[in-house]
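Please look through the sequence and the structure below before reading on. The report that follows takes up a few parts in turn.

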Amino acid sequence: MKFHFPQILTLFLAPFIYSNASSQSLTALKTEYLENPIGLDNAKPRFTWQMNDASLGAKQTAYRILVDVDSAALMQEKASCWNSGWNKSDINLVIFSGKPLKPFTKYFWRIDVTNGRKKTFSKIASFEMGMMNMANWQGAWISDNENIKLKPAPYFRYTFNAAKKIKSARTYIAAGGLYELSINGKKIGNHRMDPMYTRFDRRTLYVTYDVTTAIQQGKNGIGVLLGNGWYNHQSTAVWYFDRAPWRNRPTFCLDVRITYEDGTTETIKSGKDWKTALSPIVFNSIYTAEHYDARMEKPGWNTASFDDKDWKAVMYRSAPSRNIVAQALHPIRNVEEIATKSLKKINDTTYLFDLGRNISGVSKITLNGPAGTIIRLKHGERLYTNGRLDISNIDAHYRPTDNTDPFQTDILILSGKGERSFMPHFNYKGFQYVEVTTSVPLELKKEDLVGYFMHSDVPQSGNIKASEPIINKIYYATNNSYLSNLFGYPTDCPQREKNGWTGDAQIAIETGLYGFDGITIYEKWLADHRDEQQPNGVLPSIIPTDGWGYEWGNGPDWTSTIAIIPWNIYLFYGDKKLLSDCYENIRKYVNHIDETYPTGLTSWGLGDWIPVKSKSPVELTSTCYYYADVVILAKAAKILGKTADSERYTKLANKIKLAFNAKYLDKTRGIYGSGIQTDMSVPLYWKIVPEESVQLVAENLAKRVEADGYHLDVGLLGTKAILNALSENGYSNSAYKVAAQKTYPSWGWWMENGATTLYENWPIDAKSDISMNHIMFGEIGAWLYKSPGGIKPDENQPGFKHVILDPHIVEGLNSFEASHIGPYGKITSAWQRTSKGIQYDITIPPNSTGTINLGMVSQMDIFVNGKLTQSGKINLAAGKYLIEHKVK
């Protein structure tokens, strides 16, 4: 059955809305997009919430926010810090504007709303301020007195006496490098790899922990273990991180602020009275692996009773930067434990563990053996034909100076003191297989090794379910690759590079935002952009960077992240802050291109990276991205009230558009360039095509795709555009044939060959660029939401305040379901074919509206919740809807 959706009139759904309000509540109360966060620095934090109200037409007509340091006061509707008063508004994003917030202070807040008939009051939420100002730190930056080339990681310890009964305690810790914090012998928190990677000499992050229950009245011991991370990069690779301008022996600064029951406070701080010794971690590299000698363990080193008479004095160090700020984002964690799927014994000293799927993270092995036994755990993504591990696809850019630091190979030396478990502290890898080699024969079982899928622990916000299994596999693999490349910043791959390639990230931004609540990660990463931007506006191709990437790989096709990501955050969250924070950076970037390429055409960029076979001109693709940046800048200027800039950059966008089409569009034939897929789809996707030419260009793109057998002939930039350019212009069936293709080259071809992640190159047997866990071809994840799912934000009412629903009923699917949790709640767009036509199940969250375009077909009627309607374009208030497209 094939449906054509012509232009139709709007129908308001007033007859279908009933006023009986069901039970209401307020949920998802967040401060700075985090639930009950501690350690914030933003003096004007943002509050968000959602209505939980299943009634049709549920809407907030007014709100009030109350903030106080006493939660009990809020219950009595008292608010000494801020009472916003009742505001007639349906917004659910409000910036604090009460009395100045104080450092180290916990605040409680509640949100009250009314729907015009009934008031609803939320439960109490909280947020807590951190340092807020560099001057509030009391601790000193300390390190051990060792050379940056020394390999063992250092321990630090300190004992103190808490003389009185403790009410609350917080630890604030910043580091150059990575750390693990422990108190009285126990690790604090479940984060991994703190603090997040930044340009250390321009911005350093600190993390806050609630340690109230960890500290006891009386004597206490604090332990800090420091790792190198990106700060002291000892491994050598083509990006020269070993020569980073900030490189030094790891260092940290720590304050433990204790509030006693009697109201007094005490700060335990890092300083010269701490002691240090080398740990059993004899080598650690964020890039390669970790080596651990269990014979060097110091049991109880982080407890108060440990005898540290042989430990050394620490030394003072200068702070890595003059800008120490709060890490207010979702942390990296061991998110999922993955059992070994199969174990193969190769010989008496070699075993191959297979997790059954490709992940980013670490392995943990549990075993027993004689003292001095050496265990090597080699991690990789594929096997040689003889069944041994093959890492030749991921070590291409490694430049080792000797054989002491094998790639992705943890080395463990046993102590002989019984069964022990080992898991790296300061490293992660990309792998499916672990080849374990022992220096003496040991009998290992499948249960002895598990994997941990590590990534920034962002909440899931979307889901896709299709009747075609290959689509579900592609979506699963796309999400695995997206998460595998989210470590406080988006990366290209978790094994070979771990670099923040801008091009990969701009391609995957919508996929990420549909599927996950990632705003905290992107706000941090765009701060990295602002740190890295040169005064003339130029950005490097990898962010953060040690200086590599300003001369190669950048250009508007890659570093348009400075505009594209803030714009998408605005679309998905309705939040202007990132656009505002980055506005001058976008403007400097655009101005640099305008000054360097005054014709409006730019050849600056990498172009359509790793294409199947046909390569588009760099000028064609880069100019489209340049145009997109200028359009975003003009829109941002209007949103932010910068009228003169809006007019200026609108004129510049028109200049670029005219110059581009004059050179590349054959208007008579409706062909761009040589007519290959990228040439045709990129201009359509970025909407640089003259309106009168759109349909002809789209028709020719569809013909080209058909001539290519509904197979891809694109690289990275074309992958972003191809499916959308087809679907948005009347050829969704063609797009679906490409998306669901199972033969080479296609996403499905990877799945048919066992992929659980997305690859870096279309041919599985390519000789280069063959990482098996890349996100750069991941736009298909977003397309599934936009085309068969039909869920799109409305830039005129962003943050899904108004939901555009345009589901495409494509040939080859019997049913499809997409859901996305936006700022107002869960949006659902599900359809299935029935004997009578098509049935749609739609959910518009409370306090939001939607419009669905189904089109009128002469042989079919449309029913909304059982009532016949005379229009196919239907405005929906909040609620659940059963919409049926029935044959008459």
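In residues 344–455 the end C-alpha atoms lie 28 Å apart, and the span is 0% helix and 52% strand, where helices (H or I, at least four residues) and strands (E, at least two) are DSSP runs, numbered from the N terminus. UniProt lists these residues, 344–455, in an unreviewed entry as "domain: Alpha-L-rhamnosidase concanavalin-like"; its positions are given in the numbering used here, feature names are shortened, and annotations may be inferred rather than shown by experiment.

The model is a predicted one, in which local features need pLDDT of at least 70 and side-chain atom pairs count only at pLDDT 80 or more, while totals for chains, interfaces and linings use all residues. Residues are numbered from 1 along each chain as its sequence is written, and side-chain values use heavy atoms, with hydrogens and water left out.

An open sheet is formed by six strands in the order β14-β13-β16-β11-β19-β22, with antiparallel pairing; two strands pair if DSSP finds at least two bridges between them. At the edges stand β14 (186–187) and β22 (312–313), each with a single partner strand, so one side of each is left without a neighbour in the sheet. Strand β19 (residues 275–278) pairs with β22 in the antiparallel sense over two bridges, and T276 stands opposite K312 in β22.

Helix α11 (residues 694–707) packs against helix α12 (residues 716–727) at an angle of about 120 degrees, with their axes 10 Å apart; axes are lines fitted to C-alpha atoms, for helices over the stretch in contact, and angles run from 0 to 180 degrees between N-to-C directions. The helices α11 and α12 are therefore oblique to each other, since angles under 35 degrees count as roughly parallel, over 145 as roughly antiparallel, 65 to 115 as roughly perpendicular and the rest as oblique. In their contact (heavy atoms within 4.5 Å), L701, A702 and V705 in α11 meet I722, A725 and L726 in α12. The residues of this contact of α11 with α12 divide into six nonpolar, no polar and no charged, where Ala, Val, Leu, Ile, Met, Phe, Trp, Tyr, Cys and Pro count as nonpolar, Asp, Glu, Lys and Arg as charged, and the others, Gly among them, as polar.

| Cis peptide bond | Omega |
|---|---|
| D194 to P195 | near -10 degrees |
| I543 to P544 | near -5 degrees |

P195 has its place in the loop between β14 and β15 (204–210), and M193 also lies in the loop between β14 and β15. Phi of M193 is near 60 degrees, a positive value in a residue other than glycine.
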